[in-house]
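Please examine the sequence and the structure before reading on.

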Amino acid sequence: MLKVGERAPAFALPDADMETVDLAVFQGEKHLVLFFYPKDGTPCCIKEVTDFSDHEGDFKRQDCLLLGVNRDDCLKHAEFRDKEGIGLELLSDADGAVCKRYGVWQAKEVDGHKKYGIVRSTFIIDRTGIIRHALYNVNYKGHAQEVLRLVKELNT
């Protein structure tokens, strides 16, 4: 698992429109909120992603970009985005390499069996590429507002 003060692992992933989003492009420019969520279209994930999307303007005013990541493919992201009216970037980590680098691909016990999946997690990365907050196993309820509060603290 990543810790506060570490450099955010670099990556380049395709978004819902199959355009590559490279983390390095934003260094020196914007703060980033990188949030990992399990699956497009599930009730808790819909709530989390739409909540972040609904506050996208507030994040932009803080000079902060929102990026959502999971292992769904670009086409599924595009369908999810369009159906739910999501404005922010959704990135596809189909092979799970970025999920593993960020420590969010973890084993869970389900009905007595070990099963791997994404642990809902959020990273606040400052303009210099340093992780300022590494929030693992978060609850989606009220999470976007809490993250916005932490981003505002970066700017004060």
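Which residues does arginine 120 touch, not counting residues up to four places away in sequence? In this predicted model, the contacts of arginine 120 include Phe36, Tyr37, Pro38, Cys44, Cys45 and Glu48. Leu135, Tyr136, Asn137, Val138 and Tyr140 are also among the residues that arginine 120 touches. Arginine 120 is placed in the loop between β7 (113–118) and β8 (121–125). This residue counts as buried because its relative accessibility is 12%, and the cut-off for buried is under 20%.

**Cysteines**

Across the whole structure, a search finds 0 disulfides. Cysteine 44, one of the contacts of arginine 120, takes part in no disulfide, and the nearest cysteine sulfur, in cysteine 45, lies 6.8 Å away. For cysteine 64, the closest cysteine sulfur belongs to cysteine 99 at 19 Å, which is too far for a bond. A disulfide requires the two sulfur atoms to be within 2.5 Å.

| Residue | Relative accessibility | Class |
|---|---|---|
| Arginine 120 | 12% | buried |
| Cysteine 44 | 31% | partly exposed |
| Cysteine 64 | 4% | buried |

**Enclosed space**

How many cavities of 30 Å³ or more are counted? The count is 1. The largest cavity holds about 50 Å³ of space. Its lining includes Ala8, Leu23, Phe26, Gln27 and Lys30, and Leu32, Ile125, Asp126, Arg127 and Gly129 also line this cavity.

Note on methods:
Residues numbered from 1 in each chain as written. Predicted model: local features only at pLDDT ≥ 70, side-chain atom pairs only at ≥ 80, totals over all residues. Heavy atoms only, no water. Helix = DSSP H or I, 4+ residues; strand = E, 2+ residues; numbered from the N terminus. Buried < 20%, exposed > 50% of the residue type's maximum accessible area, 1.4 Å probe, protein only. Contact = heavy atoms within 4.5 Å. 1 Å grid on protein atoms, 1.4 Å probe; cavity = no way out; pocket = protein on both sides within 12 Å on 5 of 7 lines; lining within 4 Å. Points joined across faces, edges and corners; volume = space filled by probe spheres on them.
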